[in-house]
Amino acid sequence: MARQTYYFTSESVSEGHPDKVSDRISDEIVDLYFRKSIAAGMSPWDVRVAAETLTTTNRVVIAGETRGKDVSKEEIEAVARAAIKDIGYEQSGFHHAHAQVDVLLHAQSVDIAAGVDEGTGTHKEEGAGDQGIMFGYASKEVEGALMPAPIYYSHKILERLAEVRHSGAEKGLEPDAKSQVSIKYVDGKPVGASAIVLSTQHADGLSPSDIADIVKPYIHEVLPEGWITDETVFHINPTGNFVIGGPDGDAGLTGRKIIVDTYGGMAPHGGGAFSGKDPTKVDRSAAYASRYLAKNIVASGLADWANIQLSYAIGVAEPTSVYIELADEHAALAERLEEVLPKLMSLTPRGIRSHLNLNQAIYARTAAYGHFGRTPDADGGFSWEKVDLADKIKAAV
């Protein structure tokens with residue numbers, strides 16, 4: 001039997017963290033290719049992007065492969081600079097107007113394209129853009145979001161601090177920040193925060209105690225009432241000064257925060273990053289699909305938590321396996337769901353893209369504060385967070 005009383009910790013990083021700056025730029029490029037291709041009358045099904053970004057002191061390097069409407073280096077440079085400006089970097093070591101931006105994107109490999117495109121390769125249906133394993137998870141720990149509590153509240157702390165920074169309500173905060181929340185579980189349920197770590201870049205001249213005075217009210221605001229007690233340990237800017245931050249303080253790369261992007265270590269991860277990839281890459285789209293299915297299982301009331309694994313072979317449409325894990329008492333239900341879910345939703349790359357409407361410019365917004373546990377947008381963003389399949393799942397089993 002799993003332990004019922006324990007502590008679990010997850011971390012998050014802000015939009016100004018160097019890795020997240022890289023993720024944002026890469027996802028802006030995905031969105032750019034969708035916007036330009038659709039506006040030119042091209043089929044969004046033909047868009048291909050795999051963009052990797054390196055950020056360091058006043059330097060941005062973008063490399064990878066693309067296909068779609070011709071996009072100039074100047075246009076790509078412009079969206080990169082706009083993203084850096086939107087995040088808030090106007091510092092001497094990393095400035096949206098002064099950083100050098102190198103664009104090294106080139107056409108997608110014809111060999112990869114032949115394996116992925118419909119009607120080519122050894123299979124006639126559009127195949128997966130790569131092999132790999134993808135996981136999706138949901139639990140009842142946070143109502144509505146159906147996410148593990150430690151990662152959910154780690155994100156929410158940084159989101160709130162970003163809001164007051166952007167609004168100007170807190171002028172001492174700068175873009176780079178990290179959070180970490182340790183939560184106590186009793187009888188398998190989260191009951192409070194045992195420790196909270198918050199490090200944030202700040203204006204010169206502020207002390208750790210000054211920063212604590214700024215951020216603590218927002219931390220109290222975000223966490224559930226009663227979760228912070230006299231026994232909760234705080235570590236606010238524990239190393240002291242944090243004036244130099246972002247890519248000037250530490251180089252950033254696309255795809256280095258995959259646990260932050262998903263479930264904070266509470267569930268398995270297949271190892272593939274999301275940002276900078278169009279939805280033919282199952283690293284991204286199948287991870288979204290597995291989250292969508294797991295969330296709908298939990299939303300249906302059939303289980304308190306669900307973990308799903310999908311696997312794919314490059315150039316092959318159907319998944320090579322579908323695995324569902326529920327609590328031990330639901331073993332028979334898990335086996336039944338493995339039969340039912342592929343009938344309720346096509347798990348081919350084309351089926352996933354169609355069902356979740358992924359062929360559009362909705363990706364830059366996913367680059368920070370997690371890809372999961374978000375509210376679906378009216379324009380189709382975060383479509384994998386909908387629970388519109390829950391009733392059908394319940395009826396089918």
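This passage walks through the overall build of the protein chain and then a few of its residues and charged pairs. The model is a predicted one, so local features need pLDDT of at least 70 and side-chain atom pairs count only at pLDDT 80 or more, while totals for chains, interfaces and linings use all residues. Residues are numbered from 1 along each chain as its sequence is written, and side-chain values use heavy atoms, with hydrogens and water left out.

A compact globule of 397 residues would have a radius of gyration near 21 Å, and the protein chain agrees, with 21 Å (taken over C-alpha atoms; the globule rule is 2.2 Å times the number of residues to the power 0.38). Its C-alpha atoms fill a box of roughly 65 × 55 × 30 Å along the principal axes. Of the 397 residues, 55% count as buried (under 20% relative accessible area, with exposed over 50% and partly exposed in between, using a 1.4 Å probe and protein chains only). As for contacts (heavy atoms within 4.5 Å), 73% of those between residues at least 6 apart in sequence join residues at least 24 apart.

Beyond its neighbours within four places in sequence, His 155 touches Ser 12, Val 260, Tyr 369 and Gly 370. Helix α4 also holds Glu 163 and Arg 160, 3 residues apart, or about one turn of the helix. Their side chains meet in a salt bridge, 2.9 Å from N to O (a side-chain nitrogen of Lys or Arg within 4 Å of a carboxyl oxygen of Asp or Glu). Both partners are partly exposed, Glu 163 at 45% and Arg 160 at 22%.

Salt bridges number 24 in the structure. One of them pairs Arg 350 with Glu 126, the closest N and O atoms being 3.6 Å apart. Arg 350 sits in helix α10 (residues 349-355) and Glu 126 in the loop between α3 (110-116) and β7 (132-139), so the pair ties together parts 224 residues apart in sequence. Arg 350 is partly exposed at 25% relative accessibility, whereas Glu 126 is buried at 1%. Asp 278 and Lys 281 form another, at 2.4 Å between the closest N and O atoms; Asp 278 is buried at 0%, and Lys 281 is buried at 14%. Finally, a network of salt bridges links Asp 19, Arg 256 and Lys 257.

How values were computed: Helix = DSSP H or I, 4+ residues; strand = E, 2+ residues; numbered from the N terminus.
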